[in-house]
Amino acid sequence: MKADINKKEKTAEKTEEKIKNFFPITGIGSSAGGLDALKKFFMNMPPDSGSGFVLVQHLDPTHKSSMVELLNRYTSMDVIQVENGMEVKPNHVYVIPPNKDMAILNGVLQLLEPSKPHGLRTPINFFLKSLAEDQKDNAICIILSGFGVDGTIGLKEIKSGGGMTIAQDPKTTESNSMPISAIKTGIVDFVLPPEEMPKTLVSYIQSSHKIMNKIETGEVKVEQDLQKIFILIRNRTGHDFSSYKESTMNRRIGKRANIHQIDNIADYAFYLQRHPEEIDHLFQELLINVTSFFRDPEAFNSLKFKILPELLAGKDESEAIRVWVPGCSSGEEVYSIAMILREIMESMGKYFEVQIFGTDLDDEAISTARKGVYPDNIMGDVGEKRLKRFFIKKEGKYHIKSEIRELAVFAVHNVLKEPPFTKLDMVSCRNLLIYLKSDAQKNLLSIFNYALNPDGILFLGPSESVGDALDVFSSLDKKWKIFKSNKHVGFPRKRIEASNLFTSYAGRISDKKSEFGEKNERIDVSNLATRQLLDIYAPPSVIINDSGEIFYIHGRMGKYLEPAPGKARLNLFDMAREGIKFELRSAIKNAIFNKKDVFLEGLRVKTNGDYNKVNTTIKFIKEPEVMRNLLVVSFEDVGKPKKSEEEKIKLSKEGVNENRVSELENELMETKERLNIITEEMETSYEELKASNEELQSMNEESQSTNEELETSKEELQSINEELATVNSELQSKIDELTRANDDLNNFFNSTEIPTIFLDKDLNIRNFTPETSELIKIRKSDLGRPLSDIISNIRYDNLNEDIKQVLHRLIHKEIEIQTQDDNWYLMRITPYKTSEDVIDGVVIIFVDINDRMNAEEKVKAALKYSENIVNSLREPILVLNENLTVYSANQSFYDNFKVNPDETVGVSFFKLDKGQWDIADLRNLLEKILPENTEFNDYKVEKEFSDIGYKKMLINAHRIYRGDVGTQFILLTIEDLK
């Protein structure tokens, strides 16, 4: 008893000491427009908040920063420009100096020379990553106004370490790119205007130690409340976190409670019961779904250039490469490995079937991974080259190309409880082990050893290790924790039934063909080439690149090609026979230049001293990806020239001067030589032009870099002269934007064919497009006049009222209107917003919908016509949907069976007439029609109905398709035999 008391006293002393020394460090990232946000933030921040503030900005490397002097005006805290080795203290503000990168180690700021050239640096990410690693859950991140996406990756790292994150409300920013990029991650705790951030931040700081103090006391009541929370999570999500480290779970539970200003675990458990949606947020917090493409680039470089090439070199192309990524989150790591494997295979010239299995507890994260769509802030992680190679940009987002997406399979899976994948060449489990208890780590390593092939690769996070299992896993890269499985050494573990390893898991996802799909065919150039040639047609053909190098030959080519003298080489231009050499070279260059297929008819090729006519086709190959931009050159022999042609060609010796013939032959030889020289000169010029083009592209990139540096310099001007410089910069920018907008608007008005009117808030005409005159009798002289004064060709009396509604309620309105000459338009009225987000009028657009309205009328008429025909039939008719519910019936059915539409439409067929239609054989026949594409005729029913008496009928059923709704139905006809 006494020992327990002493233990509790020591624990309390440690907690108090920790709280005494505890203070959070807040990293603030800002760029263009950030000065105003910083001003509002520090004006409202009390001087005794208890946090240290470190400010990182995009600064001109050649200009002295004035940020310290500017911020001193808005806070009583000490504002200091960082010097190397400066220790962070609470209630102090530290500002990064120009032309430096900054990191933090053990609470001490370290300055480093930038590793990247100006314009390509991301100093905010650099510092926030360091802060996350050094301070863990003691770190706070704030992203303010700025251009670009710098800070997003660092914010993810802060969140991963258990820290708190805040982003400025984009509506309050001058430049919203950085805050929007941060918010898009979905892991920002608070989105606030800068003036409201201090209150939230101080409240978080002051209450965070209180709840952690209560959690760490180890009291029985607290432990019971924590267990209640874990039970609530398990009941709602089905996942048990008992194998995770208690310290990690407790910190994250404490953080969520603190965000809601709850300082008691029992109260938070009660809050979870009353607000089940908070359990989902807590579950996401515990999952730690923070990842990125090529996280730790040096580790992935080790995989690409050292580890995986050795693995692939020892495999035959008929073998599959199988990789498992447990805890894959939203799929970035899976796709990173897929891209690396694709690059390695292309460099080696070997192509394997690749299967990468990505699994995670979080079904939302798995859904994101399956879509393969990511925001535009991934450029810093992926790199420009890979973005162009493996992604397609659509609507501001990057979509994984199908060649990479098809390599991956994603599914929800609990790695600790469900059977693993087997026969794996690699397992990548990064930053999961560090959150698990020791026993769970050992169990997981045992599972990985079982799942891996002999010499299979285990890829862990930089803070993880295999512990005591060094005899089971030997190290391949100590720094980046890459290991090789020693299959002959095993963990002591329970016997596992091999037949159950995969089936229970795979069965849940195998029904989705799009996920597992068919096995990818092994990429083989010969097979692909043969298939491509057969798709076109199969005369003698060659596949070449734009330099004429031959990759593949199909059929007998002796009539058209012959080995060139000298060093052996496979080049079409060198090997082409006399008569087609020049024409082929010219045609191929023409095809490449114009990006079009070329057909040459009736070329005369000399073979064995005789001439043959040949048709030649040059086509571009578009698919598959590996052969794209290669060319197929096909030869089709059309026989010898006709006798009359030969006679025209042959020169009769009679009456012809032999000297003249000799002169002509010599002249022809010289002409051919000159032509060859000219051709070579043209090729040289072409290469020079290509080199010049590359130089121009390089100059363009340099210009873009210079432009980025100029923009950064403009940002620094805001720091030098506060509002004056900011106003000057904004005015200059607005002038440029106004000029461009004015040019765009003039061009738009001159080219558009859509009637459009711009009104000010007093409903006076501000501008209009020329086509508007056809609807409203308006001229240039009417600018400034009220719209209501102008004669209109529109049959609509509520236009002014609708415009006022849009102005006052800030809504959009769409109305279908008709003109006096019976033309139909869709009138769309929207608020006119200025660049300052102020409503300053309305825009009215008229879209021609004549074709649509006519089509709708035709459809309605056709439907009415069909209904009239059906209703005129004497036989009762029913239309059933896929659920065998009555979709419609004709009048004969209602009359014969004495029912009304309310009792029929929408009711199951087998419940009609109090269930008297529920005949087992009839049910079986009807249930097969749509799934199995069957039908039946003359099914006899003899039955006594309660309302209509005895009936003897024949029933016929057929599948029908209604195109206008895109749905299949069953047409049921009933023939009365009485």
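## Helix α4

The buried residues of α4 are Pro123, Ile124, Asn125, Phe127, Leu128, Ser130, Leu131, Ala132, Asp134 and Gln135; buried denotes a relative accessible area under 20%, exposed over 50%, and partly exposed in between, with a 1.4 Å probe and protein chains only. Ten of the 13 residues of α4 are thus buried, and the helix is mostly covered. The model is predicted: local features need pLDDT of at least 70, side-chain atom pairs count only at pLDDT 80 or more, and totals for chains, interfaces and linings use all residues. Residues are numbered from 1 along each chain as its sequence is written, and side-chain values use heavy atoms, with hydrogens and water left out.

Helix α4 comprises residues 123-135 and reaches 18 Å from its first C-alpha to its last, close to the 18 Å expected at 1.5 Å a residue. The expected span is 1.5 Å times one less than the number of residues. Lysine 136 follows α4 and has a positive phi, near 55 degrees.

## Helix α32

Helix α32 holds 13 residues (920-932), which should span 18 Å at 1.5 Å a residue, and its end C-alpha atoms are 18 Å apart, in agreement. Its buried residues are Leu922, Leu926, Ile929 and Leu930. They lie on the same side of α32, because they cover an arc of only 70 degrees around the axis, the arc being that of the directions from the helix axis to the C-beta atoms. An α-helix has 3.6 residues a turn, so residues three or four places apart point the same way.

On the other side of α32, Ala920, Asp921, Pro931 and Glu932 are exposed. The cover over the buried residues of α32 includes strands β31 (877-880), β33 (936-945), β34 (949-962) and β35 (967-976). Asparagine 933 follows α32, with a positive phi near 55 degrees.

## Asparagine 890

Asparagine 890 lies in the loop between β32 (886-889) and α29 (891-897). The residue is buried, with a relative accessible area of 1%. Not counting residues up to four places away in sequence, asparagine 890 touches Val870, Asn871, Leu873, Glu875, Pro876 and Ile877, where contact means heavy atoms within 4.5 Å. Its side chain reaches the backbone oxygen of glutamate 875 at 3.0 Å.

## The protein as a whole

The protein has 32 helices and 35 strands; these are DSSP runs numbered from the N terminus, helices being H or I of at least four residues and strands E of at least two. Buried residues make up 45% of its 978 residues. Among contacts between residues at least 6 apart in sequence, 61% join residues at least 24 apart.

Note on methods:
A polar contact is a pair of N or O atoms within 3.5 Å; within protein, one must be able to donate a hydrogen and the other to accept it, and residues adjacent in sequence count only if both atoms are side-chain atoms.
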